[in-house]
Amino acid sequence: MKGFSLRSRKIFVFGLWILLSMNEFMLFSAKVFNVKNFGAVGDGNTDSTKAFEIAWKKACRNRGKPRVVIPEGVFLIRPLVLRGPCKSHKMLVHVEGVVKAPINITVFKNKKEWILFQHVERVIVSGFGKFDGRGAFAWPLNQCTKQKHCNFLPSSIKFNYVTNGTIQGISSVNSKSFHLSIHNSMHIKLHDIKISAPEDSPNTDGIHITDSSNITITSSIIGTGDDCISIGPGSRRVLISGVFCGPGHGISVGSLGRYENERDVVGLRVRNCTLTGTRNGVRVKTWPASPKSSASHLVFEDILMNNVHNPIFIDQNYSPYGPPKKQRPSEVQIRKVRFHKIRGTSSSKVAVRLMCSKAVPCQDVELSDIDLRYYEQGQNTLASCANVHGVSKGLLKPPPCF
């Protein structure tokens with residue numbers, strides 16, 4: 001800049017700084033990709049799958065802070081894969097309307113999910129909108145309530161190989177199978193969500209977790225025909241807090257031991273939750289004749305039971321297809337389990353059932369400050385145990401069985 005005055009050079013540098021700042025702002029400011037701008041029609045009848053795909057792909061290629069917006073309206077969507085990795089450091093999907101699944105199960109062509117987020121890092125799905133799986137038409141086709149070897153119906157939403165993901169505010173209703181499935185993912189937060197399906201809808205787990213770590217579920221309302229939340233094989237460091245569950249089958253670890261080469265479950269804390277009218281409360285379930293694996297460092301604390309059938313339940317002879325057949329015991333080792341400050345009412349006289357495996361008895365189980373009363377006044381609750389090693393302390397109603 002030889003020949004320019006000091007003042008001119010200062011003006012030039014300042015102008016250059018302004019230009020670079022504007023470019024940076026344009027590069028990293030949020031850009032909206034409204035699905036309607038790509039042909040989506042919110043009339044509930046027009047297939048808008050292609051528009052959703054295009055909106056996602058364009059947002060995924062954007063280096064700023066792209067926001068895919070699903071506005072008010074009802075959008076019919078066939079099976080959809082939202083694939084990464086994306087160029088931006090965060091993907092936002094904001095849902096205001098209703099996203100509706102097809103009724104015809106043949107449309108899925110053996111796909112295991114309706115909406116799949118795959119290989120995405122830092123994705124947030126938020127809003128006050130709803131995902132309607134329209135499962136009532138598919139539930140009669142479900143064979144998994146009758147036989148062990150079966151094909152599950154499609155889940156509604158699945159995170160597969162997602163890192164640093166969040167689902168907040170949305171609702172999921174009437175999924176064909178699981179509502180939300182988290183698989184091979186890490187650092188996932190789910191909060192302030194609502195999940196509902198009829199009490200008799202089969203395999204409609206609210207949230208199902210497998211082979212994933214650092215999962216947090218908070219401040220949510222879940223009522224389904226199966227587990228409100230199920231913690232499957234390979235789950236590590238899971239926190240569940242402030243969840244209202246019911247109807248459904250409760251909050252469960254498992255089922256475990258159904259397949260070969262399942263990974264261990266390590267580190268679960270369930271606290272400050274309320275279960276109402278559920279078939280089970282907090283439960284660990286494993287299949288008999290299972291391969292070897294384990295579940296350990298499980299904590300269930302500060303939980304309120306309202307007329308729950310099996311408030312505290314370890315079931316190592318899990319048999320959902322009728323009375324269990326005589327076969328070799330489960331080889332899933334359960335250890336370091338704590339049930340603390342669990343209170344309320346039981347709709348069954350046996351409020352605590354700890355039925356562990358003869359082959360690998362439960363180890364380091366603790367019952368402390370348990371106050372579970374039979375819902376009919378004047379009758380006491382009972383506890384039933386088999387193959388359990390541990391300690392009981394504090395207030396205990398029913399009296400301990402080990």
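Asp369 lies in strand β26, where strands (E, at least two residues) and helices (H or I, at least four) are DSSP runs numbered from the N terminus. The phi angle of Asp369 is near 50 degrees, a positive value in a residue other than glycine. With a relative accessible area of 30%, Asp369 is partly exposed; the term covers the range between buried (under 20%) and exposed (over 50%), judged with a 1.4 Å probe and protein chains only. The model described here is predicted, so local features need pLDDT of at least 70 and side-chain atom pairs count only at pLDDT 80 or more, while totals for chains, interfaces and linings use all residues. Residues are numbered from 1 along each chain as its sequence is written, and side-chain values use heavy atoms, with hydrogens and water left out.

Asp192 sits in the loop between β13 (186-191) and β14 (194-196), and its relative accessible area of 45% makes it partly exposed.

Side chains of opposite charge can pair when their charged atoms come close. In a salt bridge, a side-chain nitrogen of Lys or Arg is within 4 Å of a carboxyl oxygen of Asp or Glu, and the structure holds 14 of these. One of them joins the side chains of Glu366 and Arg338, at 2.9 Å from N to O. Glu366 is buried, at 14% relative accessible area, whereas Arg338 is partly exposed, at 28%. Both residues belong to a network of salt bridges that links Arg269, Glu301, Arg338, Glu366 and Lys393.

Another salt bridge brings together the side chains of Glu113 and Lys158, with 3.8 Å from N to O. This pair links distant parts of the chain, as Glu113 is in strand β8 (residues 113-127) and Lys158 in strand β10 (residues 155-168), 45 residues apart. Glu113 and Lys158 are both buried. Arg122 and Glu121 form a salt bridge as well, and their closest N and O atoms are 3.1 Å apart. Here Arg122 is partly exposed, with 35% relative accessible area, and Glu121 is partly exposed at 43%.

Some charged residues gather on the surface instead. Lys31, Lys57, Lys58, Arg61, Arg63, Arg83 and Lys87 form a patch of positive charge there. Patches are made of residues with over 30% relative accessible area and no salt bridge, with like charges joined within 9 Å and nonpolar side chains (Val, Leu, Ile, Met, Phe, Trp, Tyr) within 5 Å.

The bond from Gly84 to Pro85 is cis, with omega near 0 degrees, and Pro85 is found in the loop between β5 (80-83) and β6 (91-95). The bond from Lys397 to Pro398 is cis too, with omega near 10 degrees. Pro398 has its place in the segment after β28 (388-397).

Definitions and conventions:
Areas by Shrake-Rupley, 256 points an atom, 1.4 Å probe, with all protein chains shown as cover. Lys, Arg positive; Asp, Glu negative; His and termini not counted. Charge placed at Lys NZ, Arg CZ, Asp CG, Glu CD.
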